[in-house]
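Keep the picture open as you read.

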Amino acid sequence: MTDSEPTALRQLILVTGPARSGKSEWAESRAAGSGKQVIYVATGLVDETDLEWMRRLEQHRNRRLVDWETLEVPIELPAVVRSASASDCLLIDSVGTWTANLLEQEAQVWTTAQGDLLGALKSTAADIILVGEETGWGVVPAYPAGRLFRDRLGTLVRRIGAIADAVYLVTGGYALDLSALGTPLPPANN
């Protein structure tokens with residue numbers, strides 16, 4: 001990846017849906033068909049004391065093609081997006097994990113980080129495929145941290161969807177092209 005590439009947006013795809021819906025697999029298939037060098041950007045923190053989490057990370061690693069580069073980027077996601085070149089396809093998995101990694105940040109720090117990511121997505125020369133979770137379809141979380149996560153992630157996914165070339169909802173074993181089927185909402189004020 002280099003900073004010397006032109007900064008024209010190539011393609012921005014958002015893949016969203018509930019847990020265990022196949023979002024990552026759908027995004028991986030899109031990346032594999034991009035014809036570009038795929039760089040898998042993993043936002044998850046490695047915690048070797050959490051065996052269940054480590055098994056999930058291993059599942060994702062085992063699905064990746066051998067010629068894909070992998071970057072572990074729990075925080076500095078905007079910088080990686082900005083440094084990508086036109087020959088790259090960044091597969092970012094996931095927006096929810098990145099949001100969780102920044103959950104303890106004050107509101108102003110979060111607002112700046114979110115704006116920095118959106119700006120990087122708008123100006124990059126690379127193809128970008130983002131996996132983003134849908135968390136707001138259930139009951140309101142009982143704890144303040146759960147509500148904060150749901151609200152921050154929901155707003156970020158909506159803002160990414162507003163600038164994406166294509167938005168897919170993966171659920172029930174199907175990927176629905178929301179950008180072809182739906183009508184975009186007016187821009188969010190937050």
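## A tryptophan and its neighbours

Leaving aside residues up to four places away in sequence, tryptophan 26 touches Val15, Tyr168, Val170 and Ala175. By the way, this is a predicted model, so keep that in mind as you look around. You'll find tryptophan 26 in helix α1, which covers residues 23-32. Is it buried or exposed, or something in between? Its relative accessibility is 27%, so tryptophan 26 counts as partly exposed, since buried would need under 20% and exposed over 50%.

Now look at how far apart these residues are along the chain. Tryptophan 26 and valine 170 are separated by 144 residues in sequence, but their C-alpha atoms are 7.7 Å apart in space.

## Tyrosine 168 and its strand

Let's hop over to tyrosine 168, which sits in strand β6. With a relative accessibility of 9%, tyrosine 168 counts as buried, because that is under the 20% cut-off. Which residues does tyrosine 168 touch, not counting those up to four places away in sequence? The list is Ile13, Leu14, Val15, Thr16, Trp26, Arg30, Leu176, Asp177 and Leu178.

The strand around it is mostly covered too: β6 runs over residues 166-171, and five of its six residues are buried. Strand β6 pairs with strand β1 (residues 12-17) through four bridges, and the two run parallel. In that pairing, valine 15 stands opposite tyrosine 168. Strand β6 also pairs with strand β7 (residues 174-177), again by four bridges, but here the strands run antiparallel. There, leucine 169 stands opposite leucine 176.

Strands β6 and β7 form a hairpin, with two residues between them. In the turn, glycine 172 has a positive phi of about 60 degrees.

Arginine 20 has a positive phi of about 60 degrees, although it is not a glycine. Where is arginine 20? Look in the loop between β1 and α1. Arginine 20 has a relative accessible area of 61%, so it counts as exposed, being over 50%.

The one from aspartate 93 to serine 94 is cis, with omega near 15 degrees. Serine 94 is in the loop between β4 (88-93) and α4 (95-101).

## Another covered strand

Next, find strand β2, residues 37-42. Five of the six residues in β2 are buried, so this strand is mostly covered. Which strands does β2 pair with? Six bridges join β2 to β4, and these two run parallel. Four bridges join β2 to strand β3 (residues 69-72), also in a parallel arrangement.

Isoleucine 39 stands opposite leucine 90 in β4, while tyrosine 40 has threonine 70 in β3 as its bridge partner. When you look at strands like these, remember that in a regular strand the side chains alternate between the two faces of the sheet.

## Zooming out

Time to step back and see the whole chain. How many helices and strands does the protein chain have? There are seven helices and seven strands, and along the sequence they follow the pattern β-α-β-α-β-α-β-α-α-β-α-β-β-α. The radius of gyration is 16 Å, close to the 16 Å that the globule rule gives for 190 residues, so the chain is as compact as a globular protein of that length. Along its principal axes, the C-alpha trace spans about 45 × 40 × 35 Å.

Buried residues make up 41% of the 190 residues. Among contacts with a separation of 6 or more, 80% are between residues 24 or more positions apart.

Note on methods. Residues numbered from 1 in each chain as written. Predicted model: local features only at pLDDT ≥ 70, side-chain atom pairs only at ≥ 80, totals over all residues. Heavy atoms only, no water. Rg over C-alpha atoms; globule rule 2.2 N^0.38 Å. Buried < 20%, exposed > 50% of the residue type's maximum accessible area, 1.4 Å probe, protein only. Contact = heavy atoms within 4.5 Å. Pairing = 2+ DSSP bridges.
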